[in-house]
Structures are given as C-alpha cells and as structure tokens.
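Welcome! Take a moment to look over the sequence and turn the model around on your screen. Then let us walk through it together.

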Amino acid sequence: MALRKSNKLPQTAVLKQILKRCSSLGKKQGYDEEGLPVPVDVPKGHFPVYVGEKRSRFIVPISFLAHPEFQSLLRRAEEEFGFDHDMGLTIPCEEVVFLSLTSTLR
C-alpha cells in the first residue's frame, strides 16, 4: 500500500510537504532554509505526530513513512483532518494502538 499520489506532485514531494507542515505547538521552533517552522527539540530524521484523544506528542523516525501500516494511518489522518491545518500531524487512533503499531516498526 502506498500513499495516494497527487496529480500535481510526486509522492516524495507530497511526503516532504507533510513533514514540513508538522509543527511542535507550544515548543520552541527554529526555521529552515525556506523560512518554515522546524521544532528544535526534534532530532534530524524524525518528526512529531499527535495521537489520541489527548493529542499526546510522539517523535517518530522518517523511516516509518515507508511502512504500509504507517501509511494507512496517514491516509486516515488525511481523511479525518486533512494536512493543511495548524495542529501538526494528528493521527486518528488510540495511543495504545499507535504504540503497539510503532513498536513493531522499529
């Protein structure tokens, strides 16, 4: 299962845009070379996601994007929330489900 390809941009460009939109609300931020906000507490090669009813913040490796299971979560997030909002990348599932899934991807 792959992410849906945009008619306008290749899949890698869409994924790059998604990652750039991920923000760290309430945390200090720096800015990348394009002037986009980048959370300073997120290590290179990772991105934050918000999960569950309480929107708990998790830092996940970019390599998760290659896993079909994680791509399925991204599609659900797109359907429910879209990717063009200020809340960061929000994953619509319970924390325990997210932790169970991500523990198998490591």
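Y50 stands opposite T90 in β5. Helix α3 packs on the sheet and touches β3, β4 and β5, where touching is contact, meaning heavy atoms within 4.5 Å. The direction of α3 makes about 15 degrees with that of β4; axes are lines fitted to C-alpha atoms, for helices over the stretch in contact, and angles run from 0 to 180 degrees between N-to-C directions.

In what order do the 3 strands of the open sheet come? The order is β4-β3-β5, with mixed pairing. Strands β4 and β5 are the edges, each pairing on one side only. Two strands count as paired if DSSP finds at least two bridges between them; β3 and β5 run parallel and are joined by 2 bridges. As a general rule, strands of a sheet pair through backbone hydrogen bonds, either parallel or antiparallel.

## The whole chain

This is a predicted model, in which local features need pLDDT of at least 70 and side-chain atom pairs count only at pLDDT 80 or more, while totals for chains, interfaces and linings use all residues. Residues are numbered from 1 along each chain as its sequence is written, and side-chain values use heavy atoms, leaving out hydrogens and water.

The protein chain has 3 helices and 5 strands, following the pattern α-β-β-β-β-α-β-α along the sequence. Helices (H or I, at least four residues) and strands (E, at least two) are DSSP runs, numbered from the N terminus. Of the 106 residues, 39% count as buried, that is, under 20% relative accessible area; exposed is over 50%, and partly exposed is in between (1.4 Å probe, protein chains only).

## Around S56

S56 lies in strand β4, residues 56–61. Its side chain makes a polar contact with the side chain of E95 at 2.7 Å. Such a contact is a pair of N or O atoms within 3.5 Å; within protein, one must be able to donate a hydrogen and the other to accept it, and residues adjacent in sequence count only if both atoms are side-chain atoms.

R55 is found in the loop between β3 (46–51) and β4. R55 has a positive phi of about 55 degrees although it is not a glycine.

## A buried proline

Where is P92? P92 sits in the loop between β5 (90–91) and α3 (95–105). P92 counts as buried because its relative accessibility is 11%. Beyond its neighbours within four places in sequence, P92 is in contact with L73, R76, A77, E80 and F81.
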